[in-house]
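Please consult the entry below before reading the notes.

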Amino acid sequence: MKRLFIFLITICNTICILAQQPVFGMPTTNPDWKDINYAGDDMEAHRLDIYLPKTNQKKYKVIIAIYGSAWFSNNMKGATYFSIGKPLTDAGFAVVCINHRSSADAKFPAQIHDVKAAIRFVRAHAKEYKFDTSFIGITGFSSGGHLSSLAGVTNDMKTRKVGQTTIDIEGNVGGNLNCSSRVDAVVDWFGPVDMARMENCQTVKDEKSPEAALMGCTPADNPDLVALISPITYVNEKCPHFLVFHGDADNVVPHCQSEYFSEALKKVGCLENFVTVPNGQHGPITFNENTFKQMTDFFMKEAGK
């Protein structure tokens, strides 16, 4: 019941985000390419949509965008564009909104395997879809922020071991293993990034939490996997630059998550900025004209536009 409640909160927040869009102008753009399968299978979870700016250029630098769903959904890519994607096409980027497997479909690290597969697909099919892969950024909100951050902090990493547990970070979903899954810059919107301190900013959540569903076990029983699922574990001086947003009234992912993460990124010189949004919630208020502009300005700077 608790898990269902959290899931409903997340969905309601997404609806609230979409309901706010008339303030900025409701997007009417359809994808230039829809439901492209990046894994070479028939799974809905492995589909992506591609949106290009309407400027008729030969190619466009790229942003991968990932929805939030507490890892419970395998098909919310449409909501991604209507929340954080349109400001990016308006700024001249190709935006690739991806699905990924849910925690019911497969346990971690399947989700980061999907993300990295989508990035490799973008590089492998750059000519076909007018991508300029000299720059690939990534962004996401909530659990999408977690996956975006995890992609950034694990650039060029094949496996990682903590204690007695080793996980495959890269995976082989969709092949294209001759292509890199590196990303060049990350915007994290209120992602859960330190699973060891999700409960009251001090400890793990219980066996009914979304992260327990993602891990397939009770977090307290597996501290090694708790560390491996947490982007903060991987922070190092080779990470790309990060921009982090979090509302101080977020009642789903504690604001302290971004405080911890930003502090770790700052120590290694990889934090561009940490923006706390006063009265910002889990989407509503935190998503606004000013934060969208900060996002696009950051990506444009990192892309050399």
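The model is predicted, so local features are given only at pLDDT of at least 70 and side-chain atom pairs only at pLDDT 80 or more, whereas totals for chains, interfaces and linings use all residues. Residues are numbered from 1 along each chain as its sequence is written, and side-chain values use heavy atoms, with hydrogens and water left out.

**Strands and sheet**

- Eight strands form an open sheet with mixed pairing, in the order β1-β2-β4-β3-β5-β8-β9-β10.
- The edges are β1 (33-37) and β10 (271-277); each has a single partner strand, so one side of each lacks a neighbour in the sheet.
- On average, neighbouring strands of this sheet are turned by 20° against each other, direction ignored.
- Strands are DSSP runs of E with at least two residues, and helices are runs of H or I with at least four, numbered from the N terminus; two strands pair if DSSP finds at least two bridges between them.
- β9 and β10 run parallel and are joined by six bridges, with Leu243 opposite Asn273 in β10.
- Strands β6 (residues 159-162) and β7 (residues 165-168) pair in the antiparallel sense over four bridges, and Lys161 has Thr166 of β7 as its bridge partner.
- Two residues lie between the strands of this β6 and β7 hairpin, where Gly163 takes a positive phi near 60°.

**Helices**

- Helix α5 (residues 143-153) is largely enclosed by the rest of the structure, because 11 of its 11 residues are buried; buried means under 20% relative accessible area, exposed over 50%, and partly exposed in between, with a 1.4 Å probe and protein chains only.
- The buried residues of α5 pack against β3 (60-66), α3 (110-124), β5 (131-141), β8 (185-189), β9 (241-247) and α8 (255-267).
- The axes of α3 and α5 come within 10 Å and cross at roughly 70°, which makes α3 roughly perpendicular to α5 (the class spans 65 to 115 degrees; under 35 is roughly parallel, over 145 roughly antiparallel and the rest oblique).
- Axes are lines fitted to C-alpha atoms, for helices over the stretch in contact, and angles run from 0 to 180 degrees between N-to-C directions.
- The contact (heavy atoms within 4.5 Å) is made by Gln111, Ile112, Val115 and Lys116 of α3 and Leu147, Leu150 and Ala151 of α5.
- Helix α2 (residues 77-90) lies across β1, β2 (47-51), β3, β4 (94-98), β5 and β8, running at about 165° to β4.
- Helix α3 lies across β1, β2, β3, β4 and β5, at about 155° to β5.

**Cysteines**

- One disulfide is found in a search of the whole structure, a disulfide being a pair of cysteine sulfur atoms within 2.5 Å.
- Cys201 and Cys256 form this link, with their sulfur atoms 2.0 Å apart.
- Cys201 lies in the loop between β8 and α6 (210-215) and Cys256 in helix α8, so the pair ties together parts that are 55 residues apart in sequence.
- The link of Cys201 and Cys256 is left-handed, with -100° about the S-S bond.
- Cys201 is partly exposed at 25% relative accessible area, whereas Cys256 is buried at 6%.
- The sulfur of Cys239 is 4.9 Å from the closest cysteine sulfur, in Cys270, which is too far for a bond; Cys239 is buried, at 8%.

**Gln294**

- Gln294 lies in helix α9 (residues 289-303) and is partly exposed, with a relative accessible area of 24%.
- Leaving aside neighbours within four places in sequence, Gln294 contacts Leu243, Phe245, Asn273 and Val275.
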